[in-house]
Structures are given as structure tokens and as C-alpha cells.
There are 2 protein chains.
Amino acid sequence: MTCGSYLIDALHARGFRMTPQRMAILHALRSVGGHLTPTEILLNASRIYPNLTKATLYRTLDFLTRNGFAAAVHLGDSRVAYELVQEQHHHVMCRRCGRSLLVPEGTLRKVCEILSEGTGYAVEADHRVWFGLCSACQSAERRSDEKLAG
Amino acid sequence: MTCGSYLIDALHARGFRMTPQRMAILHALRSVGGHLTPTEILLNASRIYPNLTKATLYRTLDFLTRNGFAAAVHLGDSRVAYELVQEQHHHVMCRRCGRSLLVPEGTLRKVCEILSEGTGYAVEADHRVWFGLCSACQSAERRSDEKLAG
DNA sequence: TTCTCTATTGTAAAAAGTTACAATAAAATT
DNA sequence: AATTTTATTGTAACTTTTTACAATAGAGAA
């Protein structure tokens with residue numbers, strides 16, 4: 001159970017506590033490279049801390065997110081997953097066919113710079129999904145609209 | 001019940017149908033300027049179509065979003081609201097104190113341009129909330145970290 | 001108008017997420 | 001090691017969201 005130990009001091013400095021429940025959740029998040037849904041985290045973390053409850057899970061995810069240790073990833077209309085804050089990466093996802101693509105690093109860096117410059121906030125966009133139309137669906141939707149017009 | 005009529009042809013062109021349930025939901029979304037949570041929409045739309053069910057509501061919100069007529073707005077870690085697709089606007093929200101701010105229009109335009117250039121997708125970021133730290137909380141968190149270090 | 005096709009809805013049960021409040025247990029202090 | 005403080009958890013009830021499947025009803029064709 002050493003998986004969350006690197007956070008202990010950071011928590012204490014802010015008046016928070018480390019608990020086996022939080023350790024288990026952090027371990028689950030760490031065991032995958034990417035993001036997990038709350039349900040997946042519950043399943044995974046329960047192997048380490050069998051009595052973990054849903055209430056604690058959701059409260060902990062909220063806690064970790066508010067304090068910058070984890071980040072919420074909005075996967076689609078209302079689906080949310082979580083991951084440890086590590087490197088930033090965004091995707092674009094086609095709202096029509098679902099195809100997705102990684103946003104190039106340079107593009108993402110520029111986006112965050114522009115947002116921070118424009119607002120004064122230290123914007124932390126750890127992992128987000130953008131919606132739009134991929135090139136194939138841009139054509140398809142254009143055809144629909146032409147059919148409508150003509 | 002004319003509130004969603006401007007969409008009828010657009011729906012038909014893509015093989016979809018207009019229904020009184022969809023009309024009621026569109027009317028509810030239109031009656032406010034901004035976004036509404038599913039629960040608020042249900043309450044509001046039920047005044048027009050009293051037998052509207054939750055299942056239909058959620059399916060319709062999903063349908064409208066997938067087809068570009070409405071957009072999901074992620075308000076916080078897991079809260080989602082919906083609004084009609086109109087003008088784009090983003091906010092930045094401080095993950096620590098919750099204070100939020102409108103992202104200037106020019107900043108937002110640049111962000112979308114950069115994302116579209118970088119990916120080839122037609123990115124549609126109708127209304128989003130960015131998280132980060134406002135200037136006050138940037139200082140506060142810095143103080144915590146100094147306490148930890150020294 | 002009537003018929004036909006199938007997109008859309010209602011039903012009902014299950015799953016996911018939230019909340020109030022009392023009980024527990026980290027961790028600083030003595 | 002015992003004490004104290006209060007952050008954190010479990011319980012249990014509740015609300016929100018999702019899903020399978022049968023029933024309904026738009027909208028084009030006859």
C-alpha cells in the first residue's frame with residue numbers, strides 16, 4: 001500500500017489526511033495508464049479495500065479533483081471518467097460517428113497559453129475531449145443540408 | 001407549439017421525426033437564455049407535455065446533442081446541463097474556490113481555430129467550462145506548497 | 001385516406017450518483 | 001501511550017440516469 005504515499009505530505013500540508021480508502025482509489029487510478037469510470041474504479045479498488053463504499057468513492061473522486069490530484073475527463077454527453085493528473089492530452093471526437101484523434105502537443109500548448117493570457121487563470125486542461133465533426137462527417141452533413149435546400 | 005418548428009425540415013432531411021415530446025423539450029430550452037439541467041428541463045417541458053417521461057427526456061437530450069441541435073455543458077466534476085446551440089461561450093472556473101469568468105470572445109475564437117488547424121476536425125465548442133486556479137487561489141496554493149517545502 | 005415501415009416512446013426495473021447524520025479513526029498534542 | 005480534535009467514513013434513504021422490450025405514432029407511399 002505505498003501507491004499513494006507520494007501524496008501524503010501534500011495532503012498534510014493542506015490539513016487533509018491519508019486513508020486506506022484513498023490509497024486504494026489512488027492505486028486503482030495508477031494501475032491504468034489512462035482514465036477510469038467511477039464504476040471501474042470501485043471494482044478495481046475493492047480488490048485492495050473490499051469494504052469501499054460508493055459514497056466514499058464519489059466523495060474521494062470529488063476531493064482528488066478539487067485538489068488537483070486527479071482530473072475529470074468528460075467522455076461524451078454525460079459520461080465522466082477520472083485519471084491522475086499527469087501529462088496533458090486532449091482528443092477531438094466526432095459527435096456524429098464517434099471517431100477520435102489525439103490533439104497534437106503543440107496545438108494543445110497554444111490553446112492553454114491563449115486561455116491563460118485571455119483570462120488570468122492558471123488553466124489546467126489535463127485531459128479533455130472536444131466535439132465536432134471529422135472530415136468524413138463534415139461531408140455527410142453537408143450532403144444532408146444540400147438535400148434540404150435543393 | 002411552434003417553438004421547434006424551425007428544426008422540422010432539418011430533422012426530416014436526416015431521416016428523423018418531430019414529435020410533441022421533442023417540441024416541448026426544445027421549447028423549454030428556448031424559454032431560457034442559457035442552460036438547464038435535465039431535471040429543470042423535465043419540470044419546464046412537463047407544463048407543455050404533461051406525460052413526458054424521464055427516459056424520453058434523457059434520450060432526447062442525447063439525440064439533440066449528437067445531432068448538433070443542443071450541447072452539453074459540464075458545470076463541474078459531474079454535473080451536466082444542456083442548452084440550444086447558439087453562440088459559443090466558455091467560462092474559466094477556479095477548481096479551488098469556484099469563482100468563474102467569461103472567456104473573451106477573441107480568445108475563444110483563437111482556441112477553436114488552433115484546434116481545427118491542428119486536427120482537421122470542425123471543432124464545435126459551444127459552451128464549455130475550463131478549470132484551473134484563479135489568481136487568488138494561485139497564491140493560496142503556492143503558500144501551502146511553501147509550507148510543505150520549508 | 002389507408003397502408004407500411006420504423007423512428008420514437010412508455011413501462012418498469014436496474015444501475016449510478018448524492019446526501020444527512022451518526023460513528024470512526026487519522027494525526028497532532030500532551 | 002493516552003487524549004483530543006475534526007477530517008473522513010459507513011449507513012441507508014433518496015434522486016438521477018440508463019436500458020430492454022413491447023407499444024405507439026410520424027411520415028412517405030399507395
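This is a predicted model: local features need pLDDT of at least 70, side-chain atom pairs count only at pLDDT 80 or more; totals for chains, interfaces and linings use all residues.
- Thr39(B) and Tyr58(B) are 19 residues apart along the chain, and their C-alpha atoms are separated by 9.8 Å.
- Arg47(B) counts as exposed because its relative accessibility is 65%.
- From C-alpha to C-alpha, Arg47(B) is 9.3 Å from Ala28(B), a residue 19 positions away in sequence.

**The build of chain A**

- Chain A contains six helices and six strands.
- Reading from the N terminus, the order of elements in chain A is α-α-α-α-β-β-β-β-α-β-β-α.
- Chain A has 150 residues, and 46% of them count as buried.
- Among contacts in chain A with a separation of 6 or more, 53% are between residues 24 or more positions apart.

**Helices H2 and H4 of chain A**

- The axes of H2 (residues 20-31) and H4 (residues 54-66) of chain A come within 10 Å and cross at roughly 70°.
- H2(A) and H4(A) are therefore roughly perpendicular to each other, because angles of 65 to 115 degrees fall in that class.
- On the H2(A) side, the contact is made by Gln21(A), Arg22(A), Ile25(A), Leu26(A) and Leu29(A).
- On the H4(A) side, the partners are Thr56(A), Leu57(A), Thr60(A), Leu61(A), Phe63(A) and Leu64(A).
- By class, the residues of this contact of H2(A) with H4(A) are seven nonpolar, three polar and one charged.
- A polar atom of the Thr65(A) side chain lies 2.7 Å from the backbone oxygen of Leu61(A).

**DNA strand C**

- There are 24 residues around DNA strand C, and His12(A), Tyr58(A), Gln21(B), Arg22(B) and Thr56(B) come nearest.
- Helix H3 (38-46) and H4 of chain A, along with H2 and H4 of chain B, each supply at least two residues of the surface near DNA strand C.
- That surface near DNA strand C has seven nonpolar, 10 polar and seven charged residues.
- Of the atoms of DNA strand C within 4 Å of the protein, 64% belong to sugar or phosphate, and the rest belong to bases.
- How far is a phosphate oxygen of DNA strand C from an N or O atom in the side chain of Thr19(B)? The distance is 2.9 Å.
- For the side chain of Thr39(A), an N or O atom is 3.5 Å from a phosphate oxygen of DNA strand C.
- Arg59(B) reaches a base: a polar atom of its side chain lies 2.9 Å from a base nitrogen of DNA strand C.

**DNA strand D**

- Around DNA strand D there are 24 residues, of which Arg22(A), Thr56(A), His12(B), Arg17(B) and Tyr58(B) come nearest.
- Of the atoms of DNA strand D that come within 4 Å of the protein, 61% are in sugar and phosphate.
- The surface near DNA strand D divides into seven nonpolar, 10 polar and seven charged residues.
- An N or O atom in the side chain of Thr56(A) is 2.6 Å from a phosphate oxygen of DNA strand D.
- For the side chain of Thr19(A), the corresponding distance to a phosphate oxygen of DNA strand D is 2.9 Å, and for that of Thr53(A) it is 3.2 Å.

Technical notes: Residues are numbered from 1 along each chain as its sequence is written. Chains are lettered from A and ligands numbered from 1 in the order in which they are written. Side-chain values use heavy atoms; hydrogens and water are left out. Axes are lines fitted to C-alpha atoms, for helices over the stretch in contact, and angles run from 0 to 180 degrees between N-to-C directions. Helices (H or I, at least four residues) and strands (E, at least two) are DSSP runs, numbered from the N terminus. Angles under 35 degrees count as roughly parallel, over 145 as roughly antiparallel, 65 to 115 as roughly perpendicular and the rest as oblique. Contact means heavy atoms within 4.5 Å. Ala, Val, Leu, Ile, Met, Phe, Trp, Tyr, Cys and Pro count as nonpolar, Asp, Glu, Lys and Arg as charged, and the others, Gly among them, as polar. A residue is near a molecule or strand if one of its heavy atoms lies within 4 Å of it. A polar contact is a pair of N or O atoms within 3.5 Å; within protein, one must be able to donate a hydrogen and the other to accept it, and residues adjacent in sequence count only if both atoms are side-chain atoms. Buried means under 20% relative accessible area, exposed over 50%, partly exposed in between (1.4 Å probe, protein chains only).
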